[in-house]
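Reader: I'd like to go through this one term by term. Can you show me the model, and then I'll ask what stands behind the labels?

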Amino acid sequence: MGKTANKLANKLAEQTAYQGEDLRWAAVQQRDGGADDVFWYSVRSTGVYCRPSCGARPALRKNVAFYDSREAAEQAGFRPCMRCKPEQPPLAERQAAVVARACRLIDEADAETALDLDSLATAVGVSRFHFHRMFKAVTGITPKAYANAQRARRMQAGLAQQATVTDAMYAAGFNSSGRFYAQSPAVLGMTPTAFRAGGRGAQIRFAIGACSLGAILVASTEQGICAILMDDDPDVLVRDLQDRFPKAELIGAEPEFEQVVSRVVGLVERPELGLDLPLDVRGTAFQQRVWQVLRGIPAGRTVSYAELAQLVGSPNGARAVAGACAANALAVAIPCHRVVRNDGSISGYRWGVDRKAALLDREAKQ
């Protein structure tokens, strides 16, 4: 009942915000997307009706009339605009549906015959360029990155569940070992056998430093930085890394790697500077999408879990988004600390609420 009341209140607020022809005309001139589905307008000289956000050439005010519903505009004798398609769902919903269809095609494709950009665009009925731009706008990642993340997920699931690496290869959708082993290092960060064995044979370099927020551990594979962990106790950080890769060869205290730690510490102290080191980011396709969007949120800004879910293209996925934030192992580099509750208050943080508050306060002052 509370949610229904809120929706009604929001709808009423929207309608009130666009009451009166002067306010509606101003919204049309500004192509205000917030007015879409609140009112529609017709253009007498063209015989069509449009959404307020329509990108068509501006009409003369004397030719414009406003309506509270599509039906009213059509009953007045106007036909839907071919550009903004007001009789169809909003553009964001149509694009989300196209991208969801493309994701299903990628998910169902055999790993050996993964669909290329042209094939995907043709399958969903849009141009190659428009599809690529739309996919990235909705998901935060490119179609190729999504496909790679799905292959990684299938590989990881197969290696964890199947009796042998060969069984995992077929479970992941590969028909030949050549392609499987060629792609494995890029998506797993190590060979399939090493991944299956908890990192046996893989080399992970790490070092522990100190920053204003306590102890910090930085670890890296050949692919890039795979972990940035923070705690008051350095021993806790080492145990966390060992739990992640119990059979990997952990190499510590190399002088050259200390420079990498210094650069990461610099990121913690001044997040607005960014980090130009490669990252070895591992997670499910959805987690990858969330983390990619998070990296686009600048220092000094915050978003709620609901807003982040909208940016990711999953409006009802606030809980899943929160789970992806909790699974992030790259503190500050993937800035999940910039996600707050809907009321702006600070919520849980993998490395402690106090650290989250300190980071946000620091960024707000820079």
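This is a predicted model: local features need pLDDT of at least 70, side-chain atom pairs count only at pLDDT 80 or more; totals for chains, interfaces and linings use all residues.

Reader: What makes tyrosine 18 and phenylalanine 39 a tilted pair?

Author: Rings of Phe, Tyr and Trp (its six-membered ring) pair if their centres lie within 6.5 Å; planes under 30 degrees apart are stacked, over 60 edge-to-face, and the rest tilted. Tyrosine 18 and phenylalanine 39 have 6.0 Å centre to centre and 55° between the planes, and that is a tilted pair. Tyrosine 18 sits in the loop between α1 (2-17) and α2, phenylalanine 39 in the loop between α2 and β1, so the pair ties together parts 21 residues apart in sequence. Tyr18, Phe39 and Phe66 also form one aromatic cluster.

Reader: Why are tyrosine 349 and tryptophan 351 called edge-to-face?

Author: Their planes stand at 70° with the ring centres 5.5 Å apart, so the pair is edge-to-face. Tyrosine 349 and tryptophan 351 are both buried, and tyrosine 18 and phenylalanine 39 are buried as well.

Reader: How do you know how many disulfides there are?

Author: A disulfide is counted when a pair of cysteine sulfur atoms lies within 2.5 Å. By that rule the count is 0. Take cysteine 81: the nearest cysteine sulfur, that of cysteine 54, is 3.8 Å away, and cysteine 81 is in no disulfide. For cysteine 84 the nearest cysteine sulfur is again that of cysteine 54, at 3.7 Å, and cysteine 84 is in no disulfide either.

Reader: Is cysteine 81 buried or exposed, and why?

Author: Buried means under 20% relative accessible area, exposed over 50%, and partly exposed in between (1.4 Å probe, protein chains only). Cysteine 81 has 9%, so it is buried. Cysteine 84 has 10%, so cysteine 84 is buried too. Across the 366 residues of the protein chain, 44% count as buried.

Reader: What is the strand order in the open sheet of 4 strands?

Author: The order is β3-β1-β2-β4, with mixed pairing. Strands are DSSP runs of E, at least two residues, and helices are runs of H or I, at least four, numbered from the N terminus. Two strands pair if DSSP finds at least two bridges between them.

Reader: What makes β3 and β4 edge strands?

Author: β3 (64-67) and β4 (79-80) each pair on one side only. Strand β1 (residues 40-43) meets β3 in the antiparallel sense over 4 bridges, with valine 43 opposite valine 64 in β3. Helix α2 (residues 21-29) lies across β1 and β3, at about 110° to β3.

Reader: Which strands does β5 pair with, and in which sense?

Author: Strand β5 (residues 203-211) runs parallel to strand β8 (residues 249-252), joined by 4 bridges. With strand β6 (residues 214-220), β5 pairs in the antiparallel sense over 7 bridges. Phenylalanine 206 stands opposite glycine 252 in β8 and opposite alanine 219 in β6. β5 and β6 form a hairpin with 2 residues between them.

Reader: How many helices and strands does the protein chain have?

Author: The protein chain has 16 helices and 10 strands.

Definitions and conventions: Residues are numbered from 1 along each chain as its sequence is written. Side-chain values use heavy atoms; hydrogens and water are left out. Contact means heavy atoms within 4.5 Å. Axes are lines fitted to C-alpha atoms, for helices over the stretch in contact, and angles run from 0 to 180 degrees between N-to-C directions.
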